[in-house]
Amino acid sequence: MSSRSTYQVSIWALRHLKGRRRPHGVRWRTADKEHSEWYATKALADSFRTDLVQAQRRGEEFDVQTGLPRSIRTTRNAKTLLELAIAFVDWQWTKAPPNTRRATVVNLAAILPLFTQRVDNPPMPARLQHLLSTRVLPPPQRALGLDTADSAALSWLRRASRPVADLFDDLTARELLQAIGTTVTGRVVTSSTWDKRRAVLNRTLQFAVEAGLLDRNPVSGRSLPTGRVVEAVDPWAVVNPQQAQQLLAAVTYVGGRRRCDRDRGRRLYAFFCCLYYGGLRPGEALALRRTDCKLPDTGWGELLLPRSLPGVSGRYYLDSPSGLQVRPLKRRRVEDVRPVPIPPTLVHILQEHISEFGTARDGRLFPAQQTGQGVPAAVYTRIWTQARAIGLDPTQQASPLAKRPYDLRHAALSTWLNAGVPPAEVAERAGHSIKVLLTVYAKCLHGQRDTFNAHIERALGVNVALT
């Protein structure tokens, strides 16, 4: 027997220490050397302890220095990034909200085709990315059948996916971080997209550490010297009040040929108005109920926002077949309620909407027309695209001007800031921190420099009239 291996192994019961980031511990001894590994969850710790016990029962030799049997050392070194990604999605699926699930799947689908070995007859990266995001990674989709081409592509990916351990090579890790900065067509992604992909990769690898598959996270602390910054709102996407009113009016002209679809634009007119006049996120507007609205006959009203119904592309990301996935407000506790004052214009629009269309059984103002369930993001986005074709000229349609419904919220907050509303008040109404607000909307502040200069001069005691 090698002096570095032993059959003398003692494996102790799990230990739990409160207050630790990883409170669940596995402790064992090889010969006269003690070892321990700590995990964030009891399930992960118990799984690792079970692997140790089974290796001991099979009569495997344990390495005295690392404390590990050959079977575990081999498994840790051979686990591919594809296998790890699937395990991470499975672990996250039970506890994450729909949009987090979708973000994880979409970003991992973009990363995995970039970390492969050279194997003959590789499929197109776009096919691999689509296959991963629609069949391989989302658990509810894996039972669906694959056609011949997709089966061949998945077989290739399983053979070609590289071991996670390769990322401990500095050059390899750096190459992957650089590669995720481009699309499958070679186009450079925005800094925001790169940050999201890197964050998902980091969380996946951190999960491997927690699961005992890696000793440390190989990309933690790594960055690229590219000067990436927080992505601000594009000023060219922000409509002015006249353009906003023109587009909102165009929404009412959107309709389909079927009788049931003829007023689909008018049914969501008030929804889009909530985004512009109230600065709401789409999910917050979709969750509005009649009891959340204070709509006086005259003057300003108020919306009390206690929840959100975030739109998700892909029903398999939802737990509820109804399409209603109630979530707390963004970055808020479950019990938090955000009051938002609304101008008389929006008060009147909401009153007319309720009078004409009523509410869903649970009081929601904007249910899906035929089912009464949640309005999918794809539906209101399609209506907005048609409204742009009606309300904008060809040059404006080709520009980023109000490209997405969310740009109405950007326009609202930019208008408030340009009107001189203090950032703290705008941030409170919008559900932002002041830091994020000023970072994101800094480029959208126009026409205020002379006013601000005059304020500074008065504060300094300078005679403004003489300057």
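The model is predicted. The chain holds 467 residues, of which 43% are buried, and its secondary structure consists of 19 helices and nine strands. Salt bridges number 13.

**Overall make-up**

- The accessible surface of the chain is about 24,600 Å².
- Carbon and sulfur atoms account for 51% of that surface.
- Of the contacts between residues at least 6 apart in sequence, 62% join residues that are at least 24 apart.

- Strand β4 covers residues 24-30 and strand β5 covers residues 33-39.
- The two strands pair in the antiparallel sense, with seven bridges between them.
- One of the bridge pairs joins R29 to E34, the latter in β5.
- Two residues separate β4 from β5 in this hairpin.
- A31 lies in the turn and has a positive phi of about 55°.
- In a regular strand, side chains alternate between the two faces of the sheet.

**Salt bridges between a buried and a partly exposed residue**

- Side chains of opposite charge can pair when their charged atoms come close.
- R267 and D263 form a salt bridge through their side chains, with an N to O distance of 3.5 Å.
- D263 counts as buried because its relative accessibility is 16%, under the 20% cut-off.
- R267, at 29% relative accessibility, is partly exposed.
- D407 and R404 also form a salt bridge, and their closest N and O atoms are 3.4 Å apart.
- D407 is buried, with a relative accessible area of 5%.

**A salt bridge between two partly exposed residues**

- E302 pairs with K294 in a salt bridge in which the closest N and O atoms are 3.5 Å apart.
- E302 has a relative accessibility of 23% and therefore counts as partly exposed, since buried means under 20%.

**A salt-bridge network**

- R281, E284 and R338 are linked to one another in a network of salt bridges.

Technical notes:
Residues are numbered from 1 along each chain as its sequence is written. This is a predicted model: local features need pLDDT of at least 70, side-chain atom pairs count only at pLDDT 80 or more; totals for chains, interfaces and linings use all residues. Side-chain values use heavy atoms; hydrogens and water are left out. A salt bridge is a side-chain nitrogen of Lys or Arg within 4 Å of a carboxyl oxygen of Asp or Glu. Buried means under 20% relative accessible area, exposed over 50%, partly exposed in between (1.4 Å probe, protein chains only). Helices (H or I, at least four residues) and strands (E, at least two) are DSSP runs, numbered from the N terminus. Contact means heavy atoms within 4.5 Å. Accessible areas come from the Shrake-Rupley method with a 1.4 Å probe; for residues, only the protein chains shown count as cover. Two strands pair if DSSP finds at least two bridges between them.
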